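I'm going to look up a few local features and jot them down as I go.

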Amino acid sequence: MRINELSAIAYNRFINPDYSTGYEDDGRIFNKALPSDTPVDPGTSRPMISRSPYVPLEESDAYTALHKLSRQGYRVSERFVEYLSACFPRGDENRKNWQDAIERTFLALWRKKSKVSYLDTFYDWRGRTYHMSGEWGSLQNSRLSRAALCSPETYKVDKNSKHYEYMIKCFKHEGWPTTYEEAKSYLGTPSFDGDGALDWMGVRAALALVEIEETGETDYLLEQDATCSGFQHMALLMGDMKLARMVNALLNNTGEELEELYMYVANKCNIAERLFNGCPRKARNFAKKIVMLTGYGSGATGLACSYWTDAGGSGETDDEGRLVPDMDATIHIGTKKFEFVELKVFVKTCQDVLIHEFPLIDTLKKICISFFGRCMNKDSSVFEWEAPDGFIARRIITQKEQDEETVGAAGAMPNIIHSLDAAIIRHTLLNWNGCIGVVHDAIFSRIVDALEVREVVRESYAAIHGNLNNFPINQKNTYTINDMGRCIGV
């Protein structure tokens, strides 16, 4: 079955309403499946759709995508964990500062070094793909676990190839070493943060450079992230061509010089000069959170709390687990000291600039809230829609949640947008047969496959946005592969 066929028969064949786990998953029951030495089938240790009584049938594309990913094993890089062991011997002061979860993850990785492991796979209710277990063994667990996992087999990399050139371009974008000499220096003088941790991903990238220089081979998995996937989908849905080009969702054939979105907002808000002594990279990183969280409907309070927590700001949590900042405390972000109220005003000003520049955010939010209301009027126990490839995104709302009104319209837009990320990943998994890893909207592949994988992702964007079918936001825009920008990577 392909994308349109599945859409037509989604309810009858994709989900089985008689399937049930027999008890409700409270979010903890199924999250501790250990990696296996042999491939496992989806649903072996947990439901195939998280917290849901529904399951993809084996003849569906949704099942096929999960099954292909469950067959993808990852090897623990022996060189990486041995390097960490040398940097962090037992009793080392930096290692004493590790969080307990980091220590447990490292010990588990050490025990599995050079071995290949396999994991169960599942979807969340929106259709996002997970390949996960416990605290280690998955690209999704932590950056330490992500850096340690690699291709099951080593492969040759030609330093004169376009693939190697592209890898260097990706490393430069991240601020990692780009030459053998830089890599050796980086590894020889590691720098630690306040928690005694390294930039795990930077270390693994440096090791890959060393491996290729010294042996001509590596097992490194190169990560390619979507360029602000939320705004990619919003721009394509709403037909905002300028924004779509800024986030690399559409090709820029206009000849107009366009900044990428994070830097555009940083410059509009003068963040570099106001906070970071003119440093554009730090300004871009600060603006990235504003863009992403505003795009998903976060208000100024929630956004300010996120920055406050990142900067170590003090406060307490309320009965619902939300941060209540200490209004008398202060934090530093760059060169500026903030009280919480000042920080909230600052981020609200930046949000207002973003929304003024791109009013589609508010327009789309209202459309999604209206759709949520129609769903609730029809049946207050379920928030449901059909993704472009036929996946039924179904959030079951319990009676308790209805009584306490804990599921609100504010979450409609981010959940609907996330289901498009999910459809892109499913389509990519179905149409790529090489080594692959996924984390939400990021793709991991061998260096020598990265450019080809990027083309498959472009095709996935065209397939999903070129035929939205019964998706609740459908402005009847049409896109083809020839319209698509690079979508992921650099």
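Predicted model: local features only at pLDDT ≥ 70, side-chain atom pairs only at ≥ 80, totals over all residues.

Where does N248 lie? I found N248 in the loop between α12 (241-246) and α13; helices here are DSSP runs of H or I with at least four residues, strands are runs of E with at least two, and both are numbered from the N terminus.

Residues are numbered from 1 along each chain as its sequence is written, and side-chain values use heavy atoms, with hydrogens and water left out.

Most residues other than glycine have a negative phi. I looked up N248 and got a positive phi, near 65°. N248 has a relative accessible area of 17%, so N248 is buried (under 20% is buried, over 50% exposed, partly exposed in between, using a 1.4 Å probe and protein chains only). C228 also isn't a glycine and has a positive phi of about 55°. I located C228 in the loop between β8 and α11 (229-238), and C228 is buried at 7%.

**Helix packing.** Next I checked α13 (residues 261-268) against α15 (residues 280-295): the axes come within 8 Å and cross at roughly 105°. The axes are lines fitted to C-alpha atoms over the stretch in contact, with angles from 0 to 180 degrees between N-to-C directions. That makes α13 roughly perpendicular to α15 (65 to 115 degrees; under 35 is roughly parallel, over 145 roughly antiparallel, the rest oblique). Residues making the contact (heavy atoms within 4.5 Å) include Y262 and M263 of α13, and R284 and K288 of α15.

I traced three strands in an open antiparallel sheet, in the order β8-β16-β15. Strands pair if DSSP finds at least two bridges between them; β8 and β16 (residues 442-446) have five. L221 has R446 in β16 as its bridge partner.

**Rings.** My search of the whole structure gave 20 aromatic pairs. Rings of Phe, Tyr and Trp (its six-membered ring) pair if their centres lie within 6.5 Å; planes under 30 degrees apart are stacked, over 60 edge-to-face, the rest tilted. W308 and F340 are edge-to-face, 5.6 Å centre to centre with 85° between the planes. W308 is in α16 (residues 300-310) and F340 in α17 (residues 340-357), so the pair ties together parts 32 residues apart in sequence.
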